[in-house]
Amino acid sequence: MIRVDSLHKHFGGFRAVDGASIEIETGSITGLIGPNGAGKSTLFNVIAGVLPPTSGTVTMDGEDITGLPPHELFHKGLLRTFQIAHEFSSMTVRENLMMVPARQTGERLWNAWFKRGRVAEEERALAQKADEVLDFLTIDHLAEEKAGNLSGGQKKLLELGRTMMVDAKIVFLDEVGAGVNRTLLNTIGDAIVRLNRERGYTFCLIEHDMDFIARLCDPVIVMAEGKVLAQGPADHIMENEAVIEAYLGT
Ligand code: ADP
Ligand code: MG
């Protein structure tokens, strides 16, 4: 689905991503691991249109998407999760979900002006969809909670839920498990697997927790110093000497 070719992202003279080439197969849950500073987040940000590459290309289903802005990638079904912005923390969890399609297209603003009759109906459909998402993620009891009151792990589930409000094809998750307790991490893992199996989502996720990676991801791509070091099933990767050295060297 995604093919990254000889990607470079330099900050001044520093090569954060230094000629990385990766492929993400349709239907996979691909893991991206590597020591701190390996360039993982930078690679994600370039793929997701948040940062322009210095050189190299990104294609999605054969189409060149290099440097497209996030909203255009969003329409193609390529999503990267973001933390709940501060200004939405006083809105409820359900409202946060209902905003996703609206905020991305701006269409609903037009609807509000020109098609007032239809708005209430769309509002109901969105609320119903939001409730389905909350049910799927097993956080339906939090529908009326203010987003700002959620725990770290619950916020991560909400971030994942936002990708379900639109027709995502591939979702990039950057350390979705960071600072999340074991129980919620399992819930997040289960949600990822179910989205993959039942909705056909392809995932690429950066994660430090190797148990989590090993349970969910195949293949696993290892980055170090801006380059791809190894790629393969988790158990092979963990026996790879270059990989072990890269981790021990930090
Ligand atoms: P990872 O996610 O693998 O921990 P990052 O992609 O966040 O690594 O960062 C890779 C390297 O690039 C780090 O050394 C980081 O300090 C550097 N870096 C990231 N973003 C910037 C930036 N905007 N300006 C300068 N250096 C950056
Ligand atoms: Mg990072």
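Predicted model: local features only at pLDDT ≥ 70, side-chain atom pairs only at ≥ 80, totals over all residues.
A polar contact is a pair of N or O atoms within 3.5 Å.

**Ligand 1**

The shell around ligand 1 consists of F11, F14, A16, P35, N36, G37, A38, G39, K40, S41 and T42. By type, five of these residues are nonpolar, five are polar and one is charged. Two elements, β2 (14-24) and α1 (40-47), each contribute at least two residues to the shell. The largest share, three residues, belongs to α1.

| Residue | Part of the residue | Distance from an oxygen atom of ligand 1 |
|---|---|---|
| G39 | polar backbone atom | 3.0 Å |
| K40 | N or O atom in the side chain | 2.8 Å |
| T42 | N or O atom in the side chain | 2.5 Å |

Ligand 1 taken alone exposes 560 Å², and 58% of that is buried by the protein.

**Domains**

The protein divides into domain 1, made of 1-77 + 167-250, and domain 2, which covers 88-166. Their contact draws 22 residues from domain 1 and 16 residues from domain 2. Between the C-alpha centres of domain 1 and domain 2 there are 26 Å.

The size of an interface is often expressed as the accessible area lost when the parts come together. For domain 1 and domain 2 the buried area is about 1600 Å². Carbon and sulfur atoms give 73% of that area.

Technical notes:
Residues numbered from 1 in each chain as written. Chains lettered and ligands numbered in written order. Heavy atoms only, no water. Near = heavy atom within 4 Å. Polar contact = N/O pair within 3.5 Å; in protein donor to acceptor, adjacent residues only side chain to side chain. Areas by Shrake-Rupley, 256 points an atom, 1.4 Å probe, with all protein chains shown as cover. Helix = DSSP H or I, 4+ residues; strand = E, 2+ residues; numbered from the N terminus. Nonpolar A, V, L, I, M, F, W, Y, C, P; charged D, E, K, R; others polar. Domains from an automatic or database assignment. Contact = heavy atoms within 4.5 Å. Buried area = accessible area lost by both parts, 1.4 Å probe.
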